[in-house]
Structure formats: structure tokens, C-alpha cells
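Have the viewer open and follow along.

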Amino acid sequence: MHNETASDRELLYEEQYKRAQKEQSFMRKLLRNKLAAFGFFVMIVLVFTAIFAPWIATHPPHQMDVTRTLLGPGEMGHLLGTDSYGRDTFSRIIYGARISLIVGVAAVVFGAVFGSLLGVISGYFGGKIDAIIMRIMDGMMAFPFILLAIVLMTVFGQGLMNVIFAIGIANIPGFARVVRGQVLSVKEADYIDVTRSLGAKNTRIIFHHVLPNSIAPLIVYATMAVAGAIISEASLSFLGLGVQPPTASWGSMLQEGKDYLVLNPELATISGLAILITVLSINLFGDGLRDALDPKMKI
Amino acid sequence: MGHPLLEVKQVKKHFPVKGTIPFVPSRQSVKAVDNVNFHVMPGETLGIVGESGCGKSTLARLINRLISPTEGEMNFKNKDLVSLSKRDLRTVRKNIQMVFQDPYASLDPRKRVGQLIEEPLVIHGVGDSVSRKRRVAELLEIVGLNPRYQNRYAHEFSGGQRQRINIARALTLNPELIICDEPVSALDVSVQAQVINLLKDLQKQFQLTYIFISHDLNVVRYMCDRIAVMYLGKIVEIGSYEEIYHSPKHPYTQALLSAIPVESPYENKERIILTGNVPSPIAPPPGCAFHERCPFVMDKCKTETPPLIETTEAHRASCHLIKKEEE
Ligand SMILES: Nc1ncnc2c1ncn2[C@@H]1O[C@H](COP(=O)(O)OP(=O)(O)OP(=O)(O)O)[C@@H](O)[C@H]1O
Ligand SMILES: [Mg+2]
């Protein structure tokens with residue numbers, strides 16, 4: 001009886017349906033975009049580099065050698081030369097990827113968790129709570145992002161954990177805003193009223209219906225925020241406010257390299273390029289992600 | 001005939017209007033529902049009809065307690081709905097379910113259909129996962145959908161099928177009262193009939209009581225035992241289906257009825273064409289709210305609000321003309 005009713009016929013036939021599903025699968029849409037695919041590829045390489053740094057690096061990253069300072073690329077077995085302390089640039093770049101990724105991801109996760117929580121509370125409950133939370137966020141937003149991070153770093157002091165906290169906190173208002181805006185539109189949807197009329201409590205409505213429907217723009221924003229956090233870490237390290245000195249970070253390498261721009265330009269160039277390529281790839285990937293997550297776009 | 005399932009007494013809902021000057025509250029309000037009285041008997045279908053904006057959805061949301069009335073009393077099975085505690089409200093809600101106007105917007109796009117139908121059971125902690133799954137399959141079958149579809153998302157279904165899913169969800173907890181807010185007005189005419197027939201079948205099968213909201217008297221005709229006609233937040237006429245259709249007393253009801261297309265070209269029907277627009281619910285005209293558009297307007301109508309007058313048993317209308325006929 002089921003297979004013959006008029007309403008059933010309106011549905012795609014099982015076979016057709018499965019094929020259509022495959023066609024529109026998320027990964028396919030994403031990778032059909034060449035630039036996003038490139039970004040994705042670079043990100044994968046980066047992640048592997050960070051994980052397997054000890055096996056990829058040719059030298060220990062902190063090993064100094066006063067007899068081999070400021071070598072050019074390829075000299076004396078140093079793939080990309082050495083810095084003013086005689087440390088191997090290639091190995092430091094490889095280890096630097098670790099710092100960049102850890103800070104980028106951890107700071108964004110921190111900012112996303114607390115920012116989203118504040119944004120959801122603000123948008124869902126509205127009224128006074130909303131006004132209070134959002135005014136505080138506006139206050140934080142009033143500082144330029146990097147200035148806020150610098151202020152926090154001077155308060156916390158140097159160190160990897162503190163860099164993550166500082167950049168994470170600076171990320172909170174952005175996430176709060178994005179999530180709040182999304183929640184404001186989602187909570188007006190009929191299905192939210194339906195769920196409430198079924199007797200659901202606010203926590204259920206928020207975690208089962210409001211958040212899942214707000215997540216797509218959040219993911220895109222988070223991807224872009226990782227790129228931003230990597231730049232922030234580099235900037236802080238460049239200013240000497242980042243990770244502790246011997247630790248290899250692209251920002252601190254750039255800072256050391258700037259003193260030898262004439263003598264040994266590779267030093268600054270290579271670390272600058274590492275930052276550039278990483279950030280560019282993440283942003284390209286984020287762009288592709290936004291398009292792929294938009295159900296109305298069928299590339 | 002026993003006790004009413006639902007009684008609505010003197011219920012008002014006034015939405016405050018944002019003033020034109022910031023931070024200065026305006027004293028005006030939208031009188032979306034204004035002094036509404038009616039009752040619903042167990043097992044019957046009460047139709048509520050009226051033009052767009054007359055407060056039908058607001059009334060539904062009030063009964064469902066999605067919003068609180070400004071004033072008034074509502075009793076469901078002799079329990080006062082207005083003063084219920086949060087917990088009691090949850091239990092009462094098991095018994096009052098709602099099918100919303102827009103079948104597209106009322107299903108969460110990120111959830112599978114099976115999860116959506118199962119949700120009321122999860123919320124109220126009914127049964128274990130296995131028995132809940134069994135219930136979902138059973139419900140899909142009841143509303144005429146293939147149980148195999150429970151792993152699909154709402155956007156993969158047509159409008160009529162989605163409304164069936166909404167109906168299945170409303171049935172999940174075995175409610176006594178289902179409020180249908182224009183359940184078919186977003187659907188194709190051919191699909192409308194299917195959904196209405198389904199609702200009728202379900203009523204017989206599960207002894208359901210319906211409040212059936214529509215702006216279309218034609219649709220209401222197939223469903224309802226009694227009909228209430230709303231105009232600008234008020235009930236202007238209420239009575240049995242026969243009374244309303246065959247001897248409407250209020251000029252507004254007469255106008256609505258005359259707007260239904262005739263069934264054969266030989267049938268002779270006088271059309272009453274309403275002039276003017278529905279007045280603003282912020283500042284309804286004094287006296288009878290309908291007087292500006294009424295073809296039979298008298299001086300009295302412009303100053304005095306007519307009460308709901310009983311014409312025959314269980315048929316009431318609020319119009320000054322009724323008195324005149326009797327005198
Ligand atoms: N939350 C609200 N705030 C302010 N005004 C509201 C609100 N909800 C409804 N109204 C107003 O109340 C009146 C009645 O609206 P309602 O949605 O109940 O009408 P309706 O009869 O269901 O119309 P439709 O046939 O278009 O669905 C309208 O004038 C509307 O603008
Ligand atoms: Mg409505």
C-alpha cells in the first residue's frame with residue numbers, strides 16, 4: 001500500500017535518492033573547489049609536519065653552534081641555512097609549525113567555547129542578560145585585537161599557555177557576536193516553538209535545536225579565526241611577548257631575522273613565507289567551507 | 001453532554017506596541033485577542049475562521065501556553081492553564097498538541113524524521129529506546145508514510161508529507177486535544193483533501209478533539225461540528241456548523257459565506273462584497289468593530305459594542321440587527 005500512494009510518488013526513488021545524496025555530499029562539494037582543495041592539502045601537510053617534527057627535522061631545534069652562524073641555504077648540510085646562533089633554520093621552521101598550530105587551534109577552541117556560550121545565553125534569553133553580556137563584549141571589541149592580546153600578555157607574562165589564554169580571550173567577543181546573531185534568527189523559527197510546546201526545557205531547546213542550527217557559520221568563522229590566531233601568535237612573538245625565547249616560533253624567527261635582512265635575508269623570508277602560506281591556505285579552505293556548507297549553493 | 005474539555009473565558013492578549021520615541025513606552029497595544037469566550041466539548045471539532053491577522057494564531061498560542069494571556073481564564077479538564085506551575089504545565093502539554101501553519105518551518109532541518117517524532121517521548125521520558133523506535137514506526141504507518149523513511153531529513157519530503165510528519169509528532173503522546181493552526185493552507189489543493197481526510201480518520205480512530213483554525217470557510221466545512229467566526233480579535237459569531245452555514249446572523253459571516261464559490265453555475269447566490277480594509281487592531285473603531293465595512297450599518301453600531309446574543313440554543317452572534325429582528 002505504501003509504495004503506491006500519491007504522496008510516496010513525490011519522493012525520489014530510492015536509487016535516484018542515493019545517487020543524489022552522494023553527488024551533494026559535503027566533501028565532494030568542498031574539494032570541487034580547487035583553491036579550497038589546495039588549502040586543505042596544505043593544512044594536512046602542516047598537521048603532519050607538526051606531529052612528526054622530530055622525525056622530519058634534520059637537527060635539534062635549539063642546538064647552537066658558534067662556528068656555523070648565519071650560513072646560507074645548503075651550506076654544511078643545513079637545508080635552509082642557520083641563524084645568528086648557528087641553529088638550523090629548517091628544523092626550527094618545522095618545530096615552529098607545532099607552536100603555530102597548537103596556539104591557533106587551542107586559542108580558537110578556548111574562544112569558541114566561551115564565546116559561543118555567552119552568545120547563546122545572550123541571544124536566547126535576551127533582555128538584561130543580553131544587554132550586560134554584549135556591552136562587555138563591545139568593550140573588549142573596542143580594543144584592537146592585537147592590542148588586547150598585548151595587554152593580556154603583559155599581565156600574564158610570557159609562555160605558551162599564556163599566549164593561548166591571551167589570544168583565546170581576545171577571540172571571545174567575536175565568537176559571542178557571531179553566535180548571538182545566529183541564535184537570534186534561529187530562535188524565531190517555528191520548530192523552536194514546536195519543541196517548546198512539546199514541553200521541552202530551555203537546555204534541551206538550546207543544545208538540541210538552537211546550537212545545531214547555528215553551527216555552520218560558526219565553523220567557518222572558527223576556521224578563519226585559526227588563521228588570525230596564528231598571526232597573533234607570530235605578532236606577539238615578534239614583539240617578544242610570545243613563547244619563551246629558545247622555543248622555535250615563526251614570529252620570533254622573523255624578529256631575529258629582521259636584524260640580518262642584508263646579511264642573510266633568507267632567515268626572515270622563510271619564516272615570513274611559512275606564516276603567509278599557512279594563513280592563506282586556512283583562509284582559502286575557510287572560504288570553500290562556507291560555500292560547501294551553504295545548502296543553497298550547488299556548485 | 002457532560003463537561004467541556006476546554007473552557008476559554010474572557011481571554012485577552014494585548015501586545016504592547018513599540019513607541020515612536022525611543023525609551024518612552026507607548027500606551028498603545030495590539031489587541032490581538034480581545035475578550036474571547038468559548039468552550040470545546042470532548043470529541044468535537046471547533047473551527048475558528050477569520051481573515052488574516054484577526055488573532056487566530058495568537059489564540060492557538062494562548063491555549064498552548066506558548067504565550068500568557070494579558071487577562072482571562074482557561075480551563076483544560078477543570079485545571080486552570082494560566083496559573084499552572086512549570087512542572088504541571090509540562091504534564092498538561094502532553095495532552096494538548098499543536099500542528100503549526102507552516103509544514104516547512106515547523107520541522108528542525110538538522111534532525112532526522114524519526115528523531116523528530118521520537119522527541120516528545122524523550123522529553124517526557126516515556127519508554128526505552130527500543131519501544132520508542134517501535135512507536136515511531138507505528139506512527140509513520142498511521143499517518144500513511146513508509147516507516148523506512150525515518151532516517152531521512154525533513155527537506156527530502158513534500159509539503160503534504162511534512163504535514164503528515166507534523167501530525168505524527170502531535171500524536172506521539174496520545175493527546176486529547178490537537179490544535180491545528182491552518183494545517184493545510186500552505187498545501188496544494190489536491191494534497192489539502194488528503195491531509196484533511198487523514199485528520200478526520202485519526203479523530204475517529206483515537207477519539208481526538210480538534211480546534212481547527214482556518215481562514216477558509218470551505219476547508220472548515222469538511223471538518224467542523226461547530227464554528228467560531230473571529231473578527232479583529234473578537235468572536236463575532238459562534239454556532240453549530242448547520243446554523244452558521246444555513247442561517248448566519250452576523251453580516252461578516254454572511255459576507256464570508258457569500259465569498260465561497262458556488263458549486264454550479266445555475267445556483268443563484270447573492271454576493272456581499274466587503275468594502276474597505278480590516279481596521280488596525282491597535283485602534284479598533286468604536287462600537288462594533290465591523291461597522292465601517294458593514295452593509296447594514298446603523299447609528300447605534302458606531303457607538304455601542306454589541307454583546308454576543310444567543311439567537312437559538314448554542315448559536316450566538318454579536319450584532320445589533322439580531323435584537324431588531326426579534327422585536
Ligand atoms: N508577538 C507579537 N507582538 C506584537 N504583535 C503581534 C505578535 N503576534 C501577533 N501580533 C499581532 O496580532 C495580530 C493577530 O495576529 P495572528 O498571527 O494571531 O493572526 P492570524 O489570525 O493567525 O493571521 P494569519 O491568518 O495571517 O495567520 C496581528 O495584528 C499581529 O500583527
Ligand atoms: Mg496565523
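This is a predicted model: local features need pLDDT of at least 70, side-chain atom pairs count only at pLDDT 80 or more; totals for chains, interfaces and linings use all residues.

**Aromatic pairs**

Let's start with the rings. Searching the whole structure turns up 12 aromatic pairs over all chains. Take F110(A) and F114(A): their ring centres are 5.0 Å apart and the planes sit at 50°, so this pair counts as tilted. Both residues belong to helix 6 (residues 89-125) of chain A, and they're 4 residues apart, about one turn of the helix. F110(A) is partly exposed at 22% relative accessibility, and F114(A) is partly exposed too, at 42%.

Over in chain B there's another pair to look at. Y252(B) and F290(B) have ring centres 5.2 Å apart, with planes at 65°, so they're edge-to-face; the cut-off for that label is over 60 degrees. Y252(B) sits in helix 9 (residues 251-258) of chain B, while F290(B) is in the loop between helix 9 and strand 11 (309-312) of chain B, so the pair ties together parts that are 38 residues apart in sequence. Y252(B) is buried, at 0% relative accessible area, and F290(B) is buried at 1%.

Here are the two pairs side by side:

| Pair | Centre distance | Plane angle | Class |
|---|---|---|---|
| F110(A) and F114(A) | 5.0 Å | 50° | tilted |
| Y252(B) and F290(B) | 5.2 Å | 65° | edge-to-face |

Back in chain A, F48(A), F52(A) and W55(A) are joined by ring pairs into a cluster.

**Strand 10 of chain B and its partners**

Now for some sheet. Strand 10 (residues 234-240) of chain B is mostly covered, with 5 of its 7 residues buried. Which strands does strand 10 of chain B pair with? One partner is strand 9 (residues 226-231) of chain B, antiparallel, over 6 bridges. Strand 12 (residues 315-317) of chain B is another, also antiparallel, over 2 bridges.

**Where the chains meet**

The contact draws on 28 residues from chain A and 35 residues from chain B. About 2,900 Å² is buried between chain A and chain B, and carbon and sulfur atoms give 50% of that area. There are 2 salt bridges across the interface. One of them joins E119(B) to R204(A), with the closest N and O atoms 2.9 Å apart. The polar contacts between chain A and chain B come to 10 residue pairs.

On the chain A side, the elements that give two or more residues are helix 1 (6-10), helix 2 (14-23), helix 10 (190-197) and helix 11 (202-238). Helix 10 of chain A gives the most, with 7 residues.

**A buried loop residue**

Last stop: A248(A), in the loop between helix 11 and helix 12 (250-257) of chain A. Is A248(A) buried or exposed? Its relative accessible area is 3%, so A248(A) counts as buried. Leaving out residues up to four places away in sequence, A248(A) touches H62(A), R92(A), Y95(A), G96(A) and I99(A). A248(A) and R98(A) are 150 residues apart in sequence, yet their C-alpha atoms are 9.0 Å apart in space.

How values were computed. Residues are numbered from 1 along each chain as its sequence is written. Chains are lettered from A and ligands numbered from 1 in the order in which they are written. Side-chain values use heavy atoms; hydrogens and water are left out. Rings of Phe, Tyr and Trp (its six-membered ring) pair if their centres lie within 6.5 Å; planes under 30 degrees apart count as stacked, over 60 as edge-to-face and the rest as tilted. Buried means under 20% relative accessible area, exposed over 50%, partly exposed in between (1.4 Å probe, protein chains only). Two strands pair if DSSP finds at least two bridges between them. Contact means heavy atoms within 4.5 Å. Buried area is the accessible area (1.4 Å probe) that two parts lose on being put together, summed over both. A salt bridge is a side-chain nitrogen of Lys or Arg within 4 Å of a carboxyl oxygen of Asp or Glu. A polar contact is a pair of N or O atoms within 3.5 Å; within protein, one must be able to donate a hydrogen and the other to accept it, and residues adjacent in sequence count only if both atoms are side-chain atoms.
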